[in-house]
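Reader: I am new to this structure and would like a close look at one part of it. Please keep to that part first, and then show what lies around it.

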Amino acid sequence: RLPYVAGMGFDVLYLPPVHPIGEAHRKGPNNDPAGAPGDVGSPWAIGAADGGHTAVHRDLGTVAGVARLAAACAERGVTLALDLAFQCSPDHPWVSEHPAWFRHRPDGSIRYAENPPKRYEDIYPLDFECEAWEALWEALLEVVRFWIGQGIAVFRVDNPHTKPFAFWEWLIAEVHAHDRDVVFLAEAFTRRSVMRHLAKIGFGQS
């Protein structure tokens with residue numbers, strides 16, 4: 001389909017998350033909490049036994065396949081963009097390997113994501129200000145560098161305004177120190193002052 005895409009004049013091809021999708025609390029259509037057998041779940045509920053943010057869902061292919069797609073895009077003057085959603089499903093390897101990276105309730109359980117009145121039992125938010133924040137930030141930077149290594153040059157960042165601005169300022173500066181042409185797009189619907197600040201710290205468009 002790449003000749004068709006390029007022939008329409010598009011110069012960016014965007015992929016939603018391509019990673020393994022969690023099984024725990026998997027949602028049905030329209031955020032239905034009663035998911036049925038066979039429901040694919042939300043691509044933004046990232047992580048399963050097959051891996052996390054640097055893995056590809058087995059039904060979609062492989063990491064090498066993403067690299068080949070990026071190269072084929074480049075041959076046609078198209079840049080491959082990937083969704084960057086820094087959150088995890090309850091099945092993400094980080095949940096068991098690094099439980100300190102997540103927000104916890106008083107009873108010790110990990111808190112799932114909420115945007116009242118919506119609840120996202122299939123997603124665990126990362127705690128960017130946890131005691132182990134330095135290790136978490138470095139791990140997230142390595143996710144970005146990993147996909148740059150596969151030929152990704154544009155990242156559509158999911159809800160950047162719900163994470164600390166200091167994190168994005170640091171991450172984008174670290175990336176641009178070696179890969180100046182990588183573009184970060186902010187998927188943010190919020191106040192103008194916040195949007196302006198996202199632009200100041202390195203997001204190219206919102």
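Author: A word on the basis comes first. This is a predicted model, in which local features need pLDDT of at least 70 and side-chain atom pairs count only at pLDDT 80 or more, while totals for chains, interfaces and linings use all residues. Residues are numbered from 1 along each chain as its sequence is written, and side-chain values use heavy atoms, with hydrogens and water left out.

Five of the five residues of β7 are buried, so the strand is largely enclosed by the rest of the structure. Buried here means under 20% relative accessible area, exposed means over 50%, and partly exposed is in between, with a 1.4 Å probe and protein chains only. The strand itself is a DSSP run: strands (E) have at least two residues, helices (H or I) at least four, and both are numbered from the N terminus.

β7 covers residues 154-158. Val154, Arg156 and Asp158 point one way from the strand, and Phe155 and Val157 point the other way. The residues on both sides are buried.

Next come the neighbours. The sheet is open and has four strands, in the order β1-β2-β7-β8, with parallel pairing. Two strands count as paired if DSSP finds at least two bridges between them. The edge strands of this sheet are β1 and β8 (183-187), each of which pairs on one side only. On average, neighbouring strands of the sheet are turned by 25 degrees against each other, direction ignored. For such angles, axes are lines fitted to C-alpha atoms, for helices over the stretch in contact, and the angles run from 0 to 180 degrees between N-to-C directions.

On one side of β7 is β2, and these two strands pair in the parallel sense over four bridges. Leu82 has Phe155 of β7 as its bridge partner, and Asp83 stands opposite Arg156. Strand β2 spans residues 79-84 and is mostly covered, with five of its six residues buried. β2 also pairs with β1, again in the parallel sense and over four bridges. In that pairing, Leu13 has Leu80 of β2 as its bridge partner.

β7 is also joined to β8, by five bridges, and the two strands run parallel. Arg156 has Leu185 of β8 as its bridge partner, and Asp158 stands opposite Glu187 in β8.

β7, helix α5 (residues 165-176) and β8 make a right-handed β-α-β unit. A crossover is called right-handed if, with the strands pointing away from the viewer, the path from the first strand over the helix to the second runs clockwise. β1, α2 and β2 make a right-handed β-α-β unit as well.

Asp158 leads on to the largest pocket. This pocket has a volume of about 780 Å³ and is lined by 27 residues, of which Gln87, Ala113, Tyr120, Asp158 and Asn159 lie nearest its centre. A pocket is an open set of points on a 1 Å grid over the protein atoms alone, where a 1.4 Å probe fits and protein lies on both sides within 12 Å along at least five of seven lines; lining residues have an atom within 4 Å of a point. Grid points are joined across faces, edges and corners, and the volume is the space filled by probe spheres set on them.

The lining divides into nine nonpolar, nine polar and nine charged residues. Asp, Glu, Lys and Arg count as charged, Ala, Val, Leu, Ile, Met, Phe, Trp, Tyr, Cys and Pro as nonpolar, and the others, Gly among them, as polar. β4 and β5 each supply at least two lining residues, and β4 gives the most, with three.

Between β4 (113-115) and β5 (118-120) is a loop that holds Pro117. The peptide bond from Pro116 to Pro117 is cis, with omega near 5 degrees.

Another loop, between β1 (12-15) and α2 (63-75), contains Asn30. Asn30 has a positive phi of about 60 degrees although it is not a glycine, and at 80% relative accessibility it counts as exposed. Asn31 is found in the loop between β1 and α2; its phi is also positive, near 65 degrees, and with a relative accessible area of 29% Asn31 is partly exposed.
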